[in-house]
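Thanks for coming, everyone. I'll take a few minutes on one structure. Have a look at it first, and then we'll go through it.

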Amino acid sequence: MNRDRCRSRSVHGSSGLVVVVSLLLVAWARPVYADDLLETYRLALQNDARYRAAQAEARASSTAIEQAHAGFRPTIKLEVDRMSTRQKIISSNNPVFATGSTTFPTFSETLSLTQPIYRKDAIERLAQAKAVVRQSELTLLAAEQDLMMRTTAAYLSVLAASDSLALAVAERESVGKTLDLERERLRMGLGTVTTQYDAEARFAITQAREIEAQHKLRDARQAVREITNRPLGAFQTLREAFTLAAPMPLDPERWVEQALEQNLGLRARREAVVVARQEVRRQESAHYPSVNLLLSHNRRDAGSTLFGGGSNVATTELMLRLTVPIYEGGMTTATTREAAFRLEKAQEELDLEQRAVEREARAAFDGTISGISLVRALQQSVLSQQKALEGRQIGLRAGRFTLQAVLDAERDLYLARRDHAQARYDYLLNQLKLRQAAGTLAESDLVNIHAALQ
């Protein structure tokens, strides 16, 4: 009996320690402000590093057209030379030159203008630049949709982790009551030490689950902070009842067709193929001749000349230059082949993306449809498990059920509650995944998720 009392104090002591730790964690995480899903998303728009990087990349890509236009515009440059010449005439049969040495300066400045008339590479580069800009715009829109998904998934993960912690605490308390009841039965001579050991083992497991749930909640909060760069305040909870709506139209092929046509990531891949194809043409254009108009004005002021005396000469030249490439060591052929291989790679990546998008659309559609049935089935399972537990608890007191049966019923009840809670979050996420696959995900869809929260 003394060992039982010591064991009782030990178990209750560890239980008290868990409660104290839980209270400290709650106090540590106590919010000073509240964040709902929409507010969290707005913070993510401002602070998410991945999305801001995508914005910077889009801004960088938007300069491609301006760069391509430069190939059609004139280039103007000014060249200024200052030269000091030391000339020594050792001997000369020309009487004009006297022997001896002299030093004189020379100043030259040239203003030149080159206007492209025909450049095949500039034409191809402009077409390529337009595709680059279209690709960057689609990629940025896809990044925004990805941010919606990541924010919602992280936020709902916090809610799921919070539910798991609450269920873990409730399970520990329920098993603790069962353990106290078994100790009382043992004290009265109705139980056995073996059954008490079983209850103590199950109680220790619930303590471990609670500790694990606390860790997952902290990690889930940190995941939201990673996106928003701010600690998450008091978060919302999922309503007990909300509308379980099936996707419309109720035809997976229609959703797949829409996804293959409108998915933003897939559309960006198509533009990447266009960019790669234009790169092949741009490299091939090095075989084409080019025509440029050159205008230059040169002024040269020399302190002396070969014939003696200084000079100040101004020269203006207008030239039409035709350049025909003949051979550059095989560089053009090599770069064209490289571009062709990269085009092949882009086409394979497009094919891979198409298959992935089709799979994602089907999976999200099936997940949404099956999620409705799963949520309802698990809800019924929770109700049935609750009644089964109550019946076994009454039967334990009456001697019709063993302690093991009660412990199993408690475990099954809380597993059913966890599965039911997780199924509801999965249903909401599958709704968003389906719209993301179809390319129609928008902030209004987050508003619909927000309506299911309180």
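Start with a term. A residue counts as buried under 20% relative accessible area, as exposed over 50%, and as partly exposed in between. Asp121 has a relative accessible area of 28%, so Asp121 is partly exposed. Keep in mind that this is a predicted model.

Asp121 has a partner. Its side chain meets that of Arg119 in a salt bridge, 3.1 Å from N to O. Arg119 is partly exposed too, with a relative accessible area of 30%.

Is Asn292 buried or exposed? Its relative accessible area is 14%, so Asn292 is buried.

Now the whole chain. There are 11 helices and 4 strands. Of the 454 residues, 37% are buried. The chain exposes about 26,000 Å², and carbon and sulfur atoms supply 54% of that. Take the contacts with a separation of 6 or more: 83% of them involve residues 24 or more positions apart.

Back to salt bridges. Side chains of opposite charge can pair when their charged atoms come close. How many salt bridges does the structure hold? The count is 29.

One of them joins Glu443 and Arg42, at 3.8 Å from N to O. Glu443 lies in helix α11 and Arg42 in helix α2, so this pair ties together parts that are 401 residues apart in sequence. Glu443 is partly exposed at 31% relative accessible area. Arg42 is partly exposed as well, at 40%.

Another salt bridge links Arg342 and Glu338, with the closest N and O atoms 3.1 Å apart. Both residues lie in helix α9, 4 residues apart, about one turn of the helix. Arg342 counts as exposed at 51% relative accessibility, while Glu338 counts as partly exposed at 39%. Salt bridges can also share partners: Asp48, Arg50, Asp146 and Arg150 are joined into one network that way.

Last stop, the largest pocket. It holds about 450 Å³ of space. Its lining has 19 residues, and Ala142, Asn263, Gly265, Glu353 and Gln436 lie nearest the centre. Which helices each supply at least two lining residues? They are α5, α8, α9 and α10. By type, the lining divides into 7 nonpolar, 7 polar and 5 charged residues.

Terms used: Residues numbered from 1 in each chain as written. Predicted model: local features only at pLDDT ≥ 70, side-chain atom pairs only at ≥ 80, totals over all residues. Heavy atoms only, no water. 1 Å grid on protein atoms, 1.4 Å probe; cavity = no way out; pocket = protein on both sides within 12 Å on 5 of 7 lines; lining within 4 Å. Points joined across faces, edges and corners; volume = space filled by probe spheres on them. Nonpolar A, V, L, I, M, F, W, Y, C, P; charged D, E, K, R; others polar. Buried < 20%, exposed > 50% of the residue type's maximum accessible area, 1.4 Å probe, protein only. Contact = heavy atoms within 4.5 Å. Areas by Shrake-Rupley, 256 points an atom, 1.4 Å probe, with all protein chains shown as cover. Salt bridge = Lys/Arg side-chain N within 4 Å of Asp/Glu carboxyl O.
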